[in-house]
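I record each item in the order in which I looked it up.

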Amino acid sequence: MIPVTDSCAEQLLRELVAIPSPSRDEAAAAERLVAWMRAQGYEQAFIDAAGNAVGIRGAGSRQIVLLGHIDTFAGFPPLRQGGRRLYGRGAVDAKGPLCAFAVAAQRAQLPADWQVVVIGAVEEEAATSRGARYAATQYQPDFCVIGEPSAWDRITMGYKGRLLLEWRWRGGLSHSAGKEPSPAERAFLYWQQIVNHCAGFNTGIDSLFGRLDASLRDIHTWQEGVDGIAEMTVGFRLPPGMDPQKLAERFPPADGATIRARGGELACLGERNSPLSRHFRRAIRSCGGGPRFVYKTGTADMNVVAPIWKCPILAYGPGDSTLDHTPHEHIDLDEYLRAIAVLTAVLTAL
C-alpha cells in the first residue's frame, strides 16, 4: 500500500466538504468516503445498516475505533479556499477530523496484532446519535478516539451531559387586559423557574464544566379556534454526576401543561493517564507540539459509546471548535496535516 500524499489528503477533505450532508441526509458523503477508502487499499470499506461509512484495516485481535461523524449542522455556506484556509460546512465539525482519521489509518504501519476501524457516523448533530448507537452494538474496541475539533496539539478528555425538555400548553384564551397569563407568559414563567434553579445550583461553582447550563432553544405561540397554544424547547448541559431523568423531574409542568424529556446523556470523562492518552501526548511532542487537555461544555458521540465500550477513550481532531456551526466555518490545512501526522504516529506506536 502506497501512503497517500498530502495533496491527496487535502483533496479528500475538499471533496467531502463539497457534499452537503446535514443529519439524516448523509448518504452521498458516506458513499464518497467509502469509495475513497476502497481505492486507497482498505481491506474492507462499506456502508453499514445505520448508514455509517466504515473502513477497516488490519485483522489483529486488538482493535482501535476511530469514530468520527459525517453529518453536519444545517446550512451550506459556499465552499471556498483562501490561502491555506478551507471554508465550508463541516470543514471543522467534523469532516476535518474524520478525513484525518481516514488518511492516518491508510498511512500507518499497523502492528500485526491490531485492527483499526474508521467510522463516519450519521446523525451526530441530532439528538438521536443513530450512527454511534448502532456502532456501539457492532464493535468492542480496546481503544476509541472520537473525531471532534480540539486543535492538533490538544486532547479532549470530557464532554458535559445533555437533556432536552419540550414544554407545551394549550388552553382557553382570555382578554389581554384580564388577569389570566397569556400562553407566552406561561412559557416565560416556566423558563424563569429553570433559570432560577440553575442559578442556585451554580452558586459557588467557578468551573464551566461543573455548571448546570440551560438555553432556550425555541418558543412558539399561536391560536387555534378559541384556544391559545405555546410550545418551548429548553436545552440543558449537565455537569458530571447529574442524571438527566432526575433533572427533568425537578421541573414538573403546571396549569395543564405537558413536558417531554428526550436526548438525555450523562457527562463523560476519559482517563487522563490511560495508555491511549500517553500515546497521543508522545505523538504531539514528536510533531513539535506541547499537548494540553481540554474539557468541552457540549456533547459528542463520546457520551454515547463510552458507557458501553468502557475502554480508554478521548476526542481528537484538527480545527477551532469555536467555528462550529458558524457561517464562516473553516480549517487551516496545515493544521489538518499536522493532526494526520499525530494520528499516524499514534496508530503506528500501538
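I take buried to mean under 20% relative accessible area, exposed over 50%, and partly exposed in between, with a 1.4 Å probe and protein chains only. The model is a predicted one, in which local features need pLDDT of at least 70, side-chain atom pairs count only at pLDDT 80 or more, and totals for chains, interfaces and linings use all residues. Residues are numbered from 1 along each chain as its sequence is written, and side-chain values use heavy atoms, with hydrogens and water left out.

Entry on Ala50. I located Ala50 in the loop between strand E1 (44-47) and strand E2 (53-57); helices (H or I, at least four residues) and strands (E, at least two) are DSSP runs numbered from the N terminus. Ala50 counts as buried because its relative accessibility is 6%. Neighbours within four places in sequence aside, I found Ala50 in contact (heavy atoms within 4.5 Å) with Val122, Arg130, Gly131 and Tyr134.

Entry on Thr233. I placed Thr233 in strand E11 (residues 227-238). Its relative accessibility is 12%, so Thr233 counts as buried. Beyond neighbours within four places in sequence, the contacts of Thr233 include Leu165, Glu166 and Arg217.

Entry on H7 and H9. I looked up which residues meet: His279, Phe280, Ala283 and Ile284 in H7 are in contact with Val342, Leu343, Ala345, Val346 and Ala349 in H9. By class, this contact has eight nonpolar residues, one polar and no charged; Ala, Val, Leu, Ile, Met, Phe, Trp, Tyr, Cys and Pro count as nonpolar, Asp, Glu, Lys and Arg as charged, and the others, Gly among them, as polar.
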